[in-house]
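Biologist: Bring up the model, please. I'd like to go through it piece by piece.

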Amino acid sequence: MYKSLLAQQSEKVLEWHELLDAVAHEAASSMGAELCRILPFAEHVEQARLQQQETFEMVQTLVGSSPLSPLNFPDIRPQLGRAAKAGFLEGLDLRDISLVLSMSQKAKRWLEGHHDLCPTVSIRASHIEEISWVRQMIDQCVDPQGEIREGASPLLHQLTQKSQNLRQGMRRRLEHMVSSQQYAERLQGQYFAERENRYVIPVKAERQHEVDGIIHDVSSSGATVFIEPRNLIELNNAIKFVDIEIAQETRRILQDLSNSVTENIAPIKTNIQSLAELDSLVAKARFSRKIDGCPVHLNQQHLLHLHQAKHPLLVLHKDHVVANTIHLDKEIHTLIISGPNAGGKTVTLKLMGLIALMVKVGLLPPCAPHSEMMFFNRVYADIGDTQDLNRDLSSFSGHILSLIALLKDLQSEEKNSLHSSLILLDEIGSSTDPIEGAALAEALLRRLSDLGCINIVTTHYPSLKTLPFRNPKVRNASQEFDLKSLSPTFRLIDGIPGGSSALDIASRLGLEPEILQFAHDLIQREDQDLDEVFQRLQKTYTQLEDERTLTHKHHEEAQKLFKEANLLREQMATQEKELRQRNRHKWQQEFSKAQRQVNQIVETLKKEKNPSEVQAKRRSLASIDQHMKEQIGLDDRSFSKTPKAGDHVEIGEFGTIGILKEDPEGKKHISILVGSQTFKVAPSALRVVSPSDSKGNLTSQARRGLPALSPLATHPAINRGVYQQEHDLRGVRLEAAIEMTTAALDQALLDQAKFVKIIHGRGSGALKAGIHKLCQSSPYTKSYRTGDQTEGGDGVTIIELQ
């Protein structure tokens, strides 16, 4: 993409390419790093938003549990270039192509598997071609070291085996030869070697004529002559011939594989380009995370709100960087930054320029969340000295020529793009007479504002510092200067101009006091007064800003304490409620235990044939039950209060909540509405609860899967007064069902009920068998039977109590 000379100069002074080098350093591949150094600028705001979203999603994967593996793939473009010309590829070339194809398929699967976490990035999966069969073909023939596999073809396997057999036979003959007495005096040692792919023996030079054969080499000292014995020539020839056949078959296999690559060169190029772009995206995400980058909302409405922004290159190289907030409303076109030398004005200009470029390539700038800025199609920067002695240009002339070129470039653009240029000018109108320079600067800023540009400039001219009071489209800002330490703080103060503090800085740097005093006397009184006003404004602003920050901090702490108090109150209420339930459950367990003990006594009395004593014990037990219910729980009134129609009540030991449909006075059993069903229970099994408790308990009992009482059967053959208690245990495990049936028998005994109906369903029959076994061993049971057809048949057991 063509870049104008002005654009290239602007990128240079902003150190844009230094930033891109830092991004490229995060890439895992050379191709990815190459793309990072030439990141293209988005041409419109929607494209910039898409790139920024991709980077943000990739940052999220970096901190997740399954980030994308490093894409350190080889650059196979030279190999593909040869393949495109029907060239021959070696084993290592094919191995690298296989690595790229393998990595591209892994990346495709990763992208498809992370659609929910990164929906924008995952679209890239569709750009990767599915050509795994080419990789499989290569891997079948080439090993990870780039060598041809022995089993690449049946013929190659046969020839390799033949070569190995011949060489093994050759080694046996040579080992016998060098260890024999015949050659003991003639050889330099008991070993053999290869020269020119033929086996030879090391013969002493002075005795070479005693060995019949062909000389292939002589040692560097001349003491050893390597001779191929004549009786081994035929075997060496056989080995050589097989090796030639192996080389021919290997070349044929490599040529076939090269042809396959040539036929699929287009999708392979697509895949390697997709990998490079994906690696470049990962590098952008790593860089953004390293500088604590954050997405910036892009607009086209002249709004600029960068909160706690930092210079990205300074963040990379320094442990502490002062963050600044830069704010421009739609009505403001020009920001004039003043303040001391070396106070950070130029750094602020470069910060703005770099962030404006970063958002155009999808990099997340180092600023706080909820920042936003306008999308600038063009960024121009005139920073530093433009003096050029070769062209006879002074600093002032160089700046003026740059501004002339800038104006021509802006005026040549179409009208709809005029309002998307960011102009950064350092020391505007400097290097000439201050009065003329200030006037020229003000006129230039007016012209740039008329063209719709956003201008950020630095200056030391007092007349430019007062320009915001004459032009509503201009705003002041200043770099803070600490009067106590006589040093800059690098903080940007919005809305207030700043003094240059040149004499103070010269004093801190060690200039002679006499010179400073003489210079101070030369400054006109009104200029001194203006500088003092600027300093006082800065001091007042700093104090107010510190107080505002402290107030905001205290407010956040108060909010935090308030939330913690509410959370603690809720936790205490929950704990109190759980404690009540645990206490009630504990009482129920203890009381059930006591019931069983009393029932044992009752059984003993029954055996003694003393009915009156049995009835007395039952009445005593019922009295104890009522007394315990009155004593349990934190809310005593819930037990002592007499229930009436419409009250929310808790039923029995199961904790089921319902609404009382009738007054219990004078009745042995009353109707309770639980959900959409009506139940009949004894009044003694009820406890009045509050509506709020009832709402929570209805939810919790459903969540815990507690059993509910089933409505009484409505068949006319069944007397409703017969089954005072009825329990549905369908779906309950056997162990829990036995415990619930035992508790039901305990309660029935207290209520002086005659029959208990247990609904267990048919199922496998295990639940029914367990309940019948319990009935056989229970001292409460007089008899039990399976229900008839009107009662529920085999799915029901009717228990008659003693």
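Biologist: Which residues does Ala83 touch, leaving out those up to four places away in sequence?
Modeller: Ala83 touches Leu89, Val261, Thr262 and Ile265. A contact here means heavy atoms within 4.5 Å. Keep in mind that this is a predicted model, where local features need pLDDT of at least 70, side-chain atom pairs count only at pLDDT 80 or more, and totals for chains, interfaces and linings use all residues. Residues are numbered from 1 along each chain as its sequence is written, and side-chain values use heavy atoms, with hydrogens and water left out.

Biologist: Where does Ala83 sit, and is Ala83 buried or exposed?
Modeller: Ala83 is in helix 5, residues 77-84. Helices and strands are DSSP runs numbered from the N terminus (helices are H or I with at least four residues, strands are E with at least two). Ala83 counts as buried because its relative accessibility is 0%. The cut-offs are under 20% relative accessible area for buried, over 50% for exposed and partly exposed in between, with a 1.4 Å probe and protein chains only.

Biologist: How far apart are the C-alpha atoms of Ala83 and Asn259?
Modeller: They are separated by 7.6 Å, although the two residues are 176 residues apart along the chain.

Biologist: Okay, zooming out. How many helices and strands are in the protein chain?
Modeller: The chain has 23 helices and 23 strands. It runs to 802 residues, and 47% of them count as buried. Take the contacts with a separation of 6 or more: 67% are between residues 24 or more positions apart.

Biologist: Back to the start of the chain. Which residues of helix 1 are buried?
Modeller: In helix 1, residues 5-13, the buried ones are Leu6, Ser10 and Glu11. Down the helix axis they fall within an arc of 135 degrees, so they line one face of helix 1. That arc is taken from the directions from the helix axis to the C-beta atoms. As background, an α-helix has 3.6 residues a turn, so residues three or four places apart point the same way.

Biologist: What do the buried residues of helix 1 pack against?
Modeller: Helix 2 (16-24), strand 10 (378-382) and helix 13 (395-412). The face turned away from the buried side carries Leu5 and Lys12, both exposed.

Biologist: And helix 2, at what angle does it pack with helix 10?
Modeller: At about 105 degrees to helix 10, residues 265-290, with the axes 8 Å apart. The axes are lines fitted to C-alpha atoms, for helices over the stretch in contact, and angles run from 0 to 180 degrees between N-to-C directions. Helix 2 and helix 10 are therefore roughly perpendicular.

Biologist: Now helix 6. How does helix 6 pack with helix 7?
Modeller: Helix 6 (residues 91-113) and helix 7 (residues 132-141) pack at about 140 degrees, axes 9 Å apart. That makes helix 6 oblique to helix 7. From helix 6 the contact uses Leu94, Ile97, Ser98, Leu101 and Ser102, and from helix 7 Val134, Arg135, Ile138 and Asp139. The classes come to five nonpolar, two polar and two charged.

Biologist: And what about helix 6 with helix 9?
Modeller: Their axes come within 11 Å and cross at roughly 40 degrees, with helix 9 being residues 233-263. Helix 6 is oblique to helix 9 as well. Gly91, Leu94 and Ile97 of helix 6 meet Leu254, Leu257 and Val261 of helix 9.

Biologist: Last topic, backbone. Which residue has a positive phi just after helix 1?
Modeller: Glu15, at about 60 degrees. Most residues other than glycine have a negative phi. Ala86 also has a positive phi, near 60 degrees, and lies in the loop between helix 5 and helix 6. Ala86 is exposed because its relative accessible area is 55%.

Technical notes
Angles under 35 degrees count as roughly parallel, over 145 as roughly antiparallel, 65 to 115 as roughly perpendicular and the rest as oblique. Ala, Val, Leu, Ile, Met, Phe, Trp, Tyr, Cys and Pro count as nonpolar, Asp, Glu, Lys and Arg as charged, and the others, Gly among them, as polar.
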